[in-house]
Protein chains: 2
Amino acid sequence: MEEIKKYINDNKERFLEELFSLMRIQSISSEENHKEDMVKCANRWKELLLEAGADSAEVMPTAGNPVVIGKKTIGANYPTVLVYGHYDVMPVDPIELWNSNPFEPVIKEDRIWGRGANDDKGQSFMHAKAFEYLVKSGTLNCNVKFILEGEEEIGSGSLYDFCETHKELLKANIILVSDTGIIASDTPSITVGLRGLSYLEVEVTGANRDLHSGLFGGAVANPVNVLCKMIASLTDEQHRITIPHFYDKVLEVSEEERQLMAQAPFNLENYKKALDIEEIYGEEGYSTIERTGIRPALDVCGIWGGYTGEGSKTVLPSKASAKISMRLVPHQDSVEITNIFQQHFESIAPQGVKVKVTPSHGGEAYVAPIDMPAYKAAEQAYTQTFGKRPVPTRSGGSIPVIAGFEKILGTKSILMGFGLEEDAIHSPNESYKLQHFFRGIETIVLFYGYYGK
Amino acid sequence: MEEIKKYINDNKERFLEELFSLMRIQSISSEENHKEDMVKCANRWKELLLEAGADSAEVMPTAGNPVVIGKKTIGANYPTVLVYGHYDVMPVDPIELWNSNPFEPVIKEDRIWGRGANDDKGQSFMHAKAFEYLVKSGTLNCNVKFILEGEEEIGSGSLYDFCETHKELLKANIILVSDTGIIASDTPSITVGLRGLSYLEVEVTGANRDLHSGLFGGAVANPVNVLCKMIASLTDEQHRITIPHFYDKVLEVSEEERQLMAQAPFNLENYKKALDIEEIYGEEGYSTIERTGIRPALDVCGIWGGYTGEGSKTVLPSKASAKISMRLVPHQDSVEITNIFQQHFESIAPQGVKVKVTPSHGGEAYVAPIDMPAYKAAEQAYTQTFGKRPVPTRSGGSIPVIAGFEKILGTKSILMGFGLEEDAIHSPNESYKLQHFFRGIETIVLFYGYYGK
C-alpha cells in the first residue's frame with residue numbers, strides 16, 4: 001500500500017495533467033455540434049491507454065460516437081476484468097452559474113473543478129492510472145480490457161449493438177465500473193442497485209398560432225394550462241404515479257431488506273440543510289433512501305412554452321413542451337414503461353389539443369448480488385483504504401448499459417464509485433475531491449490484488 | 001363622403017409612408033433596451049400631429065415613457081373629443097415565425113404587414129389622417145385633443161399619474177379610441193365592453209441547485225411538477241377558476257342580455273377551422289362569445305424551468321416559473337384579484353418548496369352604455385361606411401386605461417375599432433387590411449360630423 005501511495009505521489013502532477021487533457025475536450029454527447037469533440041476525446045483516451053501500458057488500443061466506430069477499446073493480456077489462466085467508463089459529459093448550461101470555465105479544469109480547495117471532474121472522466125481515469133501502476137510494478141494479476149463509450153449521458157444507444165457484435169472482444173469475468181458515489185468520505189459504500197430510466201419529451205399543441213390572451217382567453221384550450229393539468233395528474237396525493245399498470249412489475253422489497261436499508265447512515269436534517277429545503281417530498285410509506293433506491297419516480301426535467309422573456313406578454317401560446325424522466329426499479333421494463341406512458345398521456349389529452357410523445361432513451365434497472373467474488377474483493381479493498389467496511393447501497397441513478405451488459409454479455413458488474421453528493425454531477429460547478437481521486441486509484445489497485453487471487 | 005374618399009385616394013401613398021415611419025421605430029415597451037426608441041416614436045408622433053393640423057403638439061415626460069399631446073381648438077361652444085392611442089408595441093418573438101422583418105413594413109395582399117400595423121400604430125394613425133382631412137376641408141366641428149402613450153402593452157403604469165396631474169389638459173366630452181376590432185369586414189361592430197387584467201409572475205423554488213434526477217428523483221420536491229400541480233389546481237373540471245372569492249364580484253349578465261349576445265353572428269365551425277382546433281374549451285354553461293365577453297379567464301402566458309435545450313438532461317430543476325394572465329370582468333377589482341391570487345397561490349404551496357408571486361400589471365374592466373351620444377354618432381358613421389348597422393359587442397381584450405380614464409377624468413370612451421381577428425395582433429405576422437385603414441379614416445371623419453352636430 002505504501003508503494004502505491006508513493007507512486008501516486010511521485011506522479012500526481014502528471015496524472016492530473018493527463019486527466020485535464022480529457023476534461024478540456026467538450027465531449028457533450030447530447031449536442032450535435034460536439035460530434036468532432038467526441039472523436040477527439042476517444043483518440044485522447046486511446047493515447048492515454050497505450051501510455052498506461054495497454055498492449056493495444058483502438059478507436060472503434062459505432063452507429064453513433066466511437067468506442068475506445070484497450071487490452072492487456074497476461075495469460076489464459078488469469079481472470080479477465082473489463083473496465084467500463086464513458087468519456088461523454090452532460091451539457092453545461094446554465095453556464096452563468098459556473099464559477100469557472102467548465103472546460104478549463106482547475107484545482108481549488110483540494111478539488112478538481114470542471115465538467116466531467118467526477119462524471120465520468122475523473123472516475124474512469126482512475127482506472128487508467130491504477131492499471132499503469134499494476135503494469136509498471138509488475139503486479140498485474142488479471143487480463144484487463146477497457147471499454148470507454150461516448151453516449152452514456154444520452155442512453156448508450158450505440159453500445160448495445162456494439163456489444164452484440166463484439167461479444168468475444170468484450171468477454172470477461174467481471175465488469176468494473178466507477179460511475180457512482182459513496183455515502184460520505186468516512187462512510188464507504190458499494191452500489192449494488194441502480195434504477196432504470198425512461199426519458200421522453202411531450203408536446204401539447206392548441207391553436208395553430210399564438211393568440212391574444214384577451215381575445216381568446218377562456219374560450220380556447222391553452223396548451224400550457226393543459227400540459228400542467230396532464231402532468232399534475234400523473235401523480236396522486238400520496239405521490240404515487242397514476243399511470244395504469246405502472247407498478248405492475250415493481251419488485252416489492254422484503255421487510256427484512258428494508259430494515260437493513262434503514263441501518264445505512266442517513267441524517268435527514270443534514271440532507272435538508274444541504275439542499276436548503278424545509279421538508280422532503282415523496283411517496284407515502286417510504287423513507288428517503290427507499291424513495292431513491294427501491295421506488296420509481298417521475299420528474300419533469302424541463303418545461304417550456306409561451307413567452308418567457310423579460311416583462312409581460314399577454315399571449316395564449318400555441319405550444320407547450322416538457323422533458324420527462326421516469327426512474328425505474330427491478331423488474332420494470334423501460335420499453336414497456338415508455339409505451340404505457342405514451343398510451344396513457346395521449347389518452348388523457350382533452351379535446352381541443354393535440355399531443356405528441358417522443359421517446360428519447362431508456363435503460364433497465366440493475367441489482368448485483370453481494371456474495372459474488374468481485375463484491376468481496378471490492379469490499380476488502382475499500383475496507384483497507386477507508387479503514388471501514390463499505391455499506392451495500394442502492395443508488396437512485398441509472399447506468400442503463402449495466403443492465404445491458406448483463407443481458408447481452410452475461411457479465412455482472414461491480415460498481416466501485418468514489419463520488420460524493422456534493423460533487424454536483426450534472427449541475428454547474430461539478431467537482432471531484434482530490435483525496436477521492438487518489439484513494440480511488442489505490443482502492444482499484446487493491447481490488448485487482450484480491451480479485452486476481 | 002365622395003370628397004373624403006377622393007382626399008384619401010389622392011394622398012394614400014403619403015399616408016402609408018407616414019404610418020411606416022412610425023412602424024419602423026422599434027417601440028417595444030416591455031424591453032428595456034428600447035427606451036430610446038420610445039422617445040423617438042413619441043417625437044415622430046409630435047411631428048405628424050403638427051403636420052396634420054394641430055395648433056400645438058408636445059412630448060411630455062412621465063415617470064416612464066413620454067406621452068404625446070396634440071391640440072386643436074375651434075371654440076368654447078364646441079364639444080371636445082380626446083383621441084387616445086398608444087405608440088408602443090408588443091415584443092416580436094418568436095422572430096423566426098415572421099415572414100418579413102416586423103419593423104420593415106410592407107404592403108402585400110392588400111394588407112400592411114409589420115409589428116404595430118394594427119395594434120395600435122395603424123389604428124391610431126387613422127385618427128391623425130381623419131383629423132387632417134377635417135382641418136384641411138374646414139369641416140372640423142369639435143375641439144380635438146390627442147393623447148398617445150407608450151406603455152399600453154405593459155399596463156399604462158405612468159399614464160394614471162399623468163391623468164391625475166393633467167385633468168384640465170385632458171378635459172373632454174368623450175374619449176375616442178381605435179384599439180379594438182370588428183366582427184368581420186361585412187359585420188361592423190362597436191366594442192362596448194372590455195375585460196380587465198391582472199398579470200403576474202410566479203416562481204417555485206425547490207432545492208438550492210439543480211439536482212441529478214436519478215439520485216434525488218422521488219425524494220425531493222421537483223418545482224416543475226409542483227408548479228404544474230399548483231397551476232392545474234387553479235381551474236376545476238368545469239373550467240371555473242378555483243381561487244376563493246374570485247367570482248364574488250363578477251357581474252352576472254341578465255338572461256335577456258345573453259340572448260341578445262347570442263344573436264351576434266358567430267360560426268363555430270369557421271372559428272375552429274381558423275384556429276385549426278378540433279374542439280373549443282372553456283367554462284361550462286357559457287358560449288364562446290360569453291366566455292371571452294362576460295366571463296373571466298386564467299391563462300398561463302409563459303412557463304419555463306429546467307433543461308429546455310436539445311436532447312436530454314436528467315436534471316431535477318431548482319426553479320420553475322410562469323407568467324399568468326387573468327382577464328377580469330365588471331365589477332372585479334384588479335388589485336383585489338391580484339391580492340387574492342397571491343394569497344391563494346402561496347397558501348397552496350406544498351412543504352418543500354418556496355413560492356414567490358410578483359404582480360406585474362393590471363387594469364379594470366369597462367362597459368359603455370349604448371345610449372350615449374357618442375355611441376349613436378359612431379353607429380351612424382359605421383352604418384354609412386359599412387352599409388350595415390354595427391353590432392354592440394364585448395371584447396375579451398383589455399385596455400386597462402379606458403376604465404382608468406373614467407375613474408380619474410370622469411369621461412366615457414367610445415371604442416371605434418376596425419381590426420380583424422386575422423390581423424394577428426400580438427403574434428408573428430401582424431397585419432392590417434388596407435381597406436380597413438382607409439375605411440376607418442372615413443368612418444372617423446363621419447363620426448365627428450354626427451357627434452359635433
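Mentor: This is a predicted model. In chain B, the strands β4, β5 and β18 make up an open sheet of three, in the order β4-β5-β18, with antiparallel pairing. The two edges are held by β4 (106–108) and β18 (431–433) of chain B; each has a single partner strand, so one side of each is left without a neighbour in the sheet. On average, and ignoring direction, neighbouring strands of this sheet are turned by 30 degrees against each other.

Take the pairing of β5 with β18 in chain B. Strand β5 (residues 111–113) of chain B is joined to β18(B) by three bridges, and the two run antiparallel. Within this part, B:Ile112 has B:Tyr432 of β18(B) opposite. A helix also belongs to the picture: α13 (residues 434–452) of chain B packs on the sheet and touches β4, β5 and β18 of chain B. The direction of helix α13 makes about 60 degrees with that of β18(B).

Now to the two chains. Chain B is superposed on chain A by a rotation of 180 degrees with 0.0 Å of shift along its axis, at an RMSD of 0.1 Å. The two copies are thus related as by a two-fold rotation axis. Both copies use the same surface, since 100% of the contact residues of chain B recur in chain A.

In that contact, 82 residues of chain B meet 82 residues of chain A. On the side of chain B that touches chain A, the elements giving two or more residues include the helices α5 (213–216), α6 (223–232) and α9 (288–293) of chain B. Among them are also the strands β11 (297–306), β13 (319–328) and β14 (354–363) of chain B. β11(B) gives the most to this side, with nine residues. By type, the residues of this side of chain B divide into 30 nonpolar, 33 polar and 19 charged.

Last, the domains of chain A. Domain 1 covers 2–194 + 365–452, domain 2 covers 197–250 + 296–362, and domain 3 covers 252–290. Taken over C-alpha atoms, the centres of domain 1 and domain 3 of chain A are separated by 28 Å.

How values were computed:
Residues are numbered from 1 along each chain as its sequence is written. Chains are lettered from A and ligands numbered from 1 in the order in which they are written. This is a predicted model: local features need pLDDT of at least 70, side-chain atom pairs count only at pLDDT 80 or more; totals for chains, interfaces and linings use all residues. Domain bounds come from an automatic or database domain assignment. Two strands pair if DSSP finds at least two bridges between them. Helices (H or I, at least four residues) and strands (E, at least two) are DSSP runs, numbered from the N terminus. Axes are lines fitted to C-alpha atoms, for helices over the stretch in contact, and angles run from 0 to 180 degrees between N-to-C directions. Two residues are in contact if their C-beta atoms, placed from the backbone, lie within 7 Å. Copies are superposed by least squares on the C-alpha atoms of residues with pLDDT of at least 70 in both. Ala, Val, Leu, Ile, Met, Phe, Trp, Tyr, Cys and Pro count as nonpolar, Asp, Glu, Lys and Arg as charged, and the others, Gly among them, as polar.
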